[in-house]
Amino acid sequence: MLENRKWVIIGVFCIVGLLYLARLFYLQVLDDTYSLGASKNSIKRVIEIPYRGQIYDRNNKLLVDNTPVYDLYVTPKKVRISDTLAFCNLMNLNKSEFDSIMGLAKNYSSVKPSLFLRRVSKEDFARIQDALVDYRGFDAQISSIRNYPGHTLANSLGYVSEISRKKLDEQEYPYYRQGDYVGQSGLESQYEEQLRGRRGVKFMMHDVRGINKGSWKDGAFDTLAVAGKNLITGIDLGLQQFADSLMENKVGAIVAVDPATGEILASVSAPTYDPNLLSTRVFSKNYQDLMKNPYKPLFNRPIMASYRPGSTFKLIQALVAQQDGTLFPGTVYGHAGSPMRCHCRGGNDLRGAIGNSCNPYFYQVFRRMIYNNLEKNTFKASAIGLAKWHERVEKFGIGQQLGVDLPSERRGNLPDVSYYDKIYKGPNRWKFSYVASLSIGEGELLITPLKLVNLAASIANRGWYITPHYIKGFDKPGLDVPKEYLERHETGVDRQYFLPVIDGMRRAVVSGSAKSANLYGIDMAGKTGTSQNAKYGHRYDHSIFVGFAPMNDPKIAVAVFVENAGWGGDVAAPIAALVAERYIKGRTDAKHLAARLRSATYLPPLGAYRPIGKLFL
C-alpha cells in the first residue's frame, strides 16, 4: 500500500516538472514576447506617426492638407563645426540659441541623436542641404505640418500644436507621448480621433552605442501606420472667402447655413487671421501676437460672442404669441400706452409691425402674452407668464448650447423666473415693467450668431431645424455623420403661424427696414436688428440682420453681426444679401454694393469692448 502511494507521489512530481519544462520551452523558444521585453536595451521601439486626414469643403476643394517639412537631429559626439558663427547664420540661429540646444542634446546623450531644429520648411532645407555635408553629426528626418491653402476659416478649423503636459496627464488611455502633435481647437480638436489616424510601430536593433543595426526579426512585429480619415465639411470655400472680404476692417460675424440640412456654408469671425501663422516654427511668437491683438482674432465670434439680438428677436415673439393664442395676423396696435419709441407711423398689423420693426407693437404683444393667465396679483401673474414664455422660446435653441461640432460653444442667456428672483432678491418682487425690454430683444437677453442663423433656418423650414454643423462626412459625403446632425428638432409652433411672419420679413426687405437687402433675383425675407451698446451711446450700436432666400424655396439662411456699425439696415442687411446672392447665383451682380461694403471700416475704439465674463459685446 505504501509502495503504491510512493509511486503516485513520484508520478505527480514528474508531471508537474514536465509542465514547467514545457512552459519554459514555450516562453524561451516559441514565444518572442518575453524575448522582446528582455531585449529592450538593444531593441528600439520606433513610433511611426501617420499623416493626418485632410479637410475639404462641400465641392471637394482643400481646406487643410499636409506639407512635408524636415526635423533636424544632432548627435553631439559626431559634431564637427569649424566655424560656429557661419553655421549659426546658415541655421538662422544666434550663438546663445545654438549653445542652449547643444547643451540640451549633450545632457540627453552624446552618442544618440536628439532634436536640433523642428519644422524646417522645404525651402529652408533646400538652402541648407548642400552645406550640411560640411557639418558632421547632423541628420534630417522628413515630417509634415498642416497647410491651409484657402487662407481662411481659421477659427473654425483650429490648429495643431505640441500636446501639453496637462493633456498628457489627463489621458484616459495612454496614446500620446511628450512631443506629439494634437488638434488644439476647432475641427482639428473636435475630430482629433478620426483625423489623427493610427500610428505604426517598428522595432529596430541598436548596439550599445546607439547605432542602428537594422530591423529586428525582419519586421515580424512591425505594424504599419494608417493615415487619418479625410473630413468633408459643408463649407463652400468660394462663399467663405467672399464673406471674409465683406468683413474686412470690421468686427463681428457672418454665419450661413443650408436650412434643409443644417450644414454650415460659411462661418466668418472678424477680424480673422491666416491659419498658416499657427503652422510654422515660430508658432509661439505668432500665437502671442494674436493673443495681444486688441480686436481678439482668436475669439471665435460665431459660437462664442453673445450679443443682444435686438429687433430680430421680434420674430420669435410673433411666433410664440400666435401659438399662445394672444396674437393674430390681423391684430393692430398703435403707439399709445407704450414707453418705447418707434420710427414707424404706428397702426400696424402683424405683417406691418415686422416689416417696419415697430417697437410699441411688440411691447404690447409681449405684455399681453405675459399677463395671459388668471392670476390677479401682478407680480405672480408676471412670473407665471414669463415661465410659459421661457418654455416656448427655449424650443428655438435660445439660452442653451445647440451642439455644433466645435468646442467652446457658449449658451448665451435666456432669463427665466429664477434669474429675476435672484436679481430682485426674492420671488414676487418684480413684474412685467421690469422685464419689458425683452419684448424687443434687449435687456438681459444674449444670443450668439449661430443661434440667430438657427432661428432663420427654423423659420425657413416653417417650424423645425437640424442642429447647425460643419461635418458632411468622412472620406465621402454622408459617411459616418453623427446621428445628432441628422435629427429634426421641432420648435413647437404650428406651420400656419410662420406664414404671416415670413410675409412680414419679405415686406421688410421690399419696402421696410431692410430695403438695402432687396437684390434682384434672390427673393430674400429678413429682419433687421440694432443691438444697443448703451455704455457708449447710440453711435456704437451693433448692426444685425437675419434672413433666408429664396422666400418660398429656401437654399440659404444668413445671420450677420457688425459691431459698432449702427442700424441693421445700413450694414448687416446688405452684407447678408450679398452672401445669399453669391451662393444662389454663384456670382455677384451687385458689384458696386460689394465694393462699398468692402471699403467701409467699422473698427470700434479699443475701449468699446465691454466684458461679460469671458464674452465681449
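Guide: Start with one term: two residues are in contact when they have heavy atoms within 4.5 Å. This is a predicted model. Of the contacts in the protein with a separation of 6 or more, 71% are between residues 24 or more positions apart.

Visitor: How many helices and strands are there?

Guide: The secondary structure comes to 22 helices and 20 strands.

Visitor: And what share of the residues is buried?

Guide: The protein has 617 residues, and buried ones make up 51% of them.

Visitor: Pick a helix for me. How many of the residues of H19 are buried?

Guide: In H19, 12 of the 12 residues are buried, so this helix is largely enclosed by the rest of the structure. Among them are Leu-450, Val-453 and Ile-459, but also Lys-451 and Asn-454.

Visitor: What span should H19 have, and how far apart are its ends?

Guide: With 12 residues at 1.5 Å a residue, H19 should span 16 Å. The C-alpha atoms at its ends are 17 Å apart, which agrees.

Visitor: What comes just after H19?

Guide: Arg-462 does, and it takes a positive phi of about 60 degrees. Arg-462 sits in the loop between helix H19 and strand E13 (464-466).

Visitor: Is Arg-462 buried or exposed?

Guide: Arg-462 counts as buried, at 12% relative accessibility, because the cut-off for buried is under 20%.

Visitor: What about His-151, what is its phi?

Guide: His-151 is not a glycine, yet it has a positive phi of about 55 degrees. His-151 is found in the loop between strand E5 (138-147) and helix H6 (154-157). With a relative accessible area of 48%, His-151 is partly exposed.

Visitor: Switching to peptide bonds. Which residues does a cis bond join?

Guide: Pro-271 belongs to the loop between strand E12 (264-270) and helix H11 (283-292). The bond from Ala-549 to Pro-550 is also cis. There, omega is near -20 degrees.

Visitor: Where is Pro-550?

Guide: In the loop between strand E17 (542-549) and strand E18 (556-562). As background, most peptide bonds are trans.

Visitor: Now helix packing. At what angle do H10 and H21 pack?

Guide: Helix H10 (residues 237-246) and helix H21 (residues 572-585) pack at about 160 degrees, and their axes are 10 Å apart. That makes H10 roughly antiparallel to H21. Their crossing is right-handed.

Visitor: Which residues meet there?

Guide: From H10, the residues are Gly-238, Leu-239, Phe-242, Ala-243 and Leu-246. From H21, they are Ile-575, Leu-578, Val-579, Arg-582 and Tyr-583. By class, this contact has 8 nonpolar, 1 polar and 1 charged residues.

Visitor: One more pair. How do H15 and H16 pack?

Guide: Helix H15 (residues 359-370) and helix H16 (residues 378-394) pack at an angle of about 105 degrees, with axes 8 Å apart. H15 and H16 are therefore roughly perpendicular to each other. Phe-366, Met-369 and Ile-370 of H15 make the contact with Ala-381, Ser-382, Gly-385, Leu-386 and Trp-389 of H16.

Visitor: How do those residues divide by class?

Guide: The contact of H15 with H16 has 6 nonpolar residues, 2 polar and no charged.

Key: Residues are numbered from 1 along each chain as its sequence is written. This is a predicted model: local features need pLDDT of at least 70, side-chain atom pairs count only at pLDDT 80 or more; totals for chains, interfaces and linings use all residues. Side-chain values use heavy atoms; hydrogens and water are left out. Axes are lines fitted to C-alpha atoms, for helices over the stretch in contact, and angles run from 0 to 180 degrees between N-to-C directions. Helices (H or I, at least four residues) and strands (E, at least two) are DSSP runs, numbered from the N terminus. Angles under 35 degrees count as roughly parallel, over 145 as roughly antiparallel, 65 to 115 as roughly perpendicular and the rest as oblique. A crossing is left-handed if the near helix is turned anticlockwise from the far one by less than a right angle, and right-handed if clockwise. Ala, Val, Leu, Ile, Met, Phe, Trp, Tyr, Cys and Pro count as nonpolar, Asp, Glu, Lys and Arg as charged, and the others, Gly among them, as polar. Buried means under 20% relative accessible area, exposed over 50%, partly exposed in between (1.4 Å probe, protein chains only). The expected span of a helix is 1.5 Å times one less than its number of residues.
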